[in-house]
Structures are given as C-alpha cells and as structure tokens.
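Please keep the structure open as you read.

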Amino acid sequence: CGSDAVKDGANTEYGRVCNICYAGYFKEKEQCFECGEFKRNVSRYSVLNHNQKICTTCYQRHFNETCPSCSRYRKLIDTEHGKLCSKCHEQGYIPCSSCQKLMPAGVGSQCWDCYWSKRLLHEVKLNTYLFSSEDIKNDYQKFTAWLSTTKGAKTAKLKNNNFIEFFIRCDELWGEIPSYQPLVHEFKPQGLRHNLTVLRWLIETDRVVEDLETKDYVAEQERITKLLGKFDNGLPKEIALYHQELMQKHRSQEIALRTVRLSLQAVVGIYTTMLVKSDCTPNQE
C-alpha cells in the first residue's frame, strides 16, 4: 500500500507488510456466520445479539448507512439537515490537503478526485513491474493518464486492469505496440473489440491507423474458423474438400473470402440442421 507503518507489521512470503494489508490480503480466511462467505476480516462483536464471528460487511449492515454528503458508509445521526455522519455535521466543509478545493469533512484529508488519482498512480507503478520493455511501460503509463483525463481518475483506477493483458501480450510478442495490421492478426477483431478503449487511445494519439480492409479480412477468417469448429467429432471429409476448393478459387482471385464463408455457412447449416453423419455423403433428396 506504500505505507511506512511496517515496523509493527507482519512477515509474509513477500516481505514485511503493515497490519492493514496483512488483515486484508494474508490472514487466513474464516467463514462469516451471517453471509456464509469465507473472508479474512472476520471477528466477534460484543454489540451484536450473538457471539459468532461475522465479516466487516455484515457488521456494518446492522448500523451503517451512506452519508448523503461525503458518501462514506458510516453511522449517521439525525441533524437539522437530515441524516449525516458526525464529521460532516460537526465540521461542514474543509479544504482538500492536495488541491485545496472545499469538500465535505467526512471524506477525509483528500477529496475524491485526489484520492482516486493517488490510488491510480500507485497501481500503475505496481503494474509496470509486469513488463520487461521500457516502451511498453511508458505506453501503459500514457494510456492510464489518457484514461484518467477522459473518463476520470476513479474510472481509470477501476477499469485499467481490464486492459492489462493487451500490454502484457504486446510486451511478450513485440516489446512495443506495433502497427494496426499485426495487432488485428494477433488479437483478431473480437479481441480488439474487448480492448476498444486502448484502440481508441492508439487512434486518437496517432499511434496506429485503423485499416478496415485488413480488419474485415481477419474477421472473415475468424468466422470461417468458427464455422469449421462446429463439428465435435472432426470435420466431415466433404466439407474439408469443399473448403479446399473454395480457398483455391479465393487464392486465384476468382471469389472473395466473404463468398468462401457464405458458401461454407450453407453447407455447415445442412450438416448441423439435418444431423448428417460425418461418414455420410448428402444426396440430392
């Protein structure tokens, strides 16, 4: 977590950590009496009407609500302005220690924007250890900075790990982010759709130029592969021969790859709909 409070912490296989991280990540899990889930933050509470161990989430459900001012999940008190946590009621608005903007006192020492920005920077720093290439490290940092600017620090913090696999594969395959053609051949259009936010960043920053012709060609290849993969017991001989004949015409530039896919789609449809066995040849009837 970046805290200096490790002197009184606990030893782990990764080194010494503070007590908060130990309780959250390394302590042995126990079953919560109320929700039944196995968690690390399980304890007994004297204020409850039973002596069973429960998790923090279940404990808070008994007493806490979301403060409408600071959005913290705390015990609320009745005030002339409605229910508020004690900090928001007693201190009102205070300046953020980082940006000096006024914020509800219950938020803490930093406003939400600064809080999420700090968490994002810390996570990005940790994630850069996943890459061996300096180019990929720099690109990942630039991407998260762009994501934070366009979507906000909170969204960037919560969503950036969804795209970490893209940078890991680029790091392993090329040591950099290549042009559009290698990307679409490696990730396929479906994979690029999953990483659409990264692709949008690459296009907006002029890192790659989208090639729709290449994209459509690879998409047709992917559809053909899925069609031929519909047979659990192996591809029937007639369909394999028909596929070879169609591809030969395609290589001779007699037909487009889309025509190959549409022709195969009809044949595969006959086999799957009529339950034709792979060792039988369909007749005209």
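## Around F166

Setting aside neighbours within four places in sequence, F166 touches I177, L183, F187, N195, V198 and L202. Do keep in mind that this is a predicted model.

F166 is also one of the residues with the most contacts inside the largest nonpolar core, along with F167 and I177. That core has 27 residues. Five helices each supply at least two residues of this core: α4 (112–127), α5 (134–151), α7 (164–173), α8 (180–194) and α9 (196–204). Another core, of 13 residues, lies apart from it, and I224, L246, M247 and L264 are among its members.

## A hairpin and its salt bridge

Let us turn to the strands. Strand β9 (residues 76–79) pairs with strand β10 (residues 82–85) in the antiparallel sense, over four bridges. The two form a hairpin, with two residues between β9 and β10. Within this pairing, I77 stands opposite L84 in β10.

Because E65 sits in strand β7 (residues 65–66) and K83 in strand β10, the pair ties together parts that are 18 residues apart in sequence. K83 counts as partly exposed, at 39% relative accessibility, and E65 is partly exposed too, at 38%.

## Salt bridges among the helices

The salt bridge count comes to ten. One of them joins the side chains of K157 and E123, at 3.2 Å from N to O. K157 belongs to helix α6 (residues 153–159) and E123 to helix α4, so this pair ties together parts that are 34 residues apart in sequence. Are these two buried or exposed? Both K157 and E123 are buried.

E220 and R223 form a salt bridge as well, with their closest N and O atoms 3.2 Å apart. They are separated by about one helical turn, because they are three residues apart in helix α10 (residues 212–228). E220 is buried, with a relative accessible area of 8%, whereas R223 is partly exposed at 41%. A network of salt bridges links E220 and R223 with R261.

## A nonpolar patch on the surface

Finally, the outside of the chain. Y14, Y22, Y25 and F26 make a nonpolar surface patch of about 480 Å². Of these, Y25 lies in helix α1 (residues 19–26). With a relative accessible area of 58%, Y25 is exposed, because the cut-off for that class is over 50%.

Terms used. Residues numbered from 1 in each chain as written. Predicted model: local features only at pLDDT ≥ 70, side-chain atom pairs only at ≥ 80, totals over all residues. Heavy atoms only, no water. Core = buried A, V, L, I, M, F, W, Y, C linked by side-chain atoms within 4.5 Å. Buried < 20%, exposed > 50% of the residue type's maximum accessible area, 1.4 Å probe, protein only. Contact = heavy atoms within 4.5 Å. Patch = residues over 30% accessible without salt bridge, like charges linked within 9 Å, V, L, I, M, F, W, Y side chains within 5 Å. Areas by Shrake-Rupley, 256 points an atom, 1.4 Å probe, with all protein chains shown as cover. Salt bridge = Lys/Arg side-chain N within 4 Å of Asp/Glu carboxyl O. Pairing = 2+ DSSP bridges.
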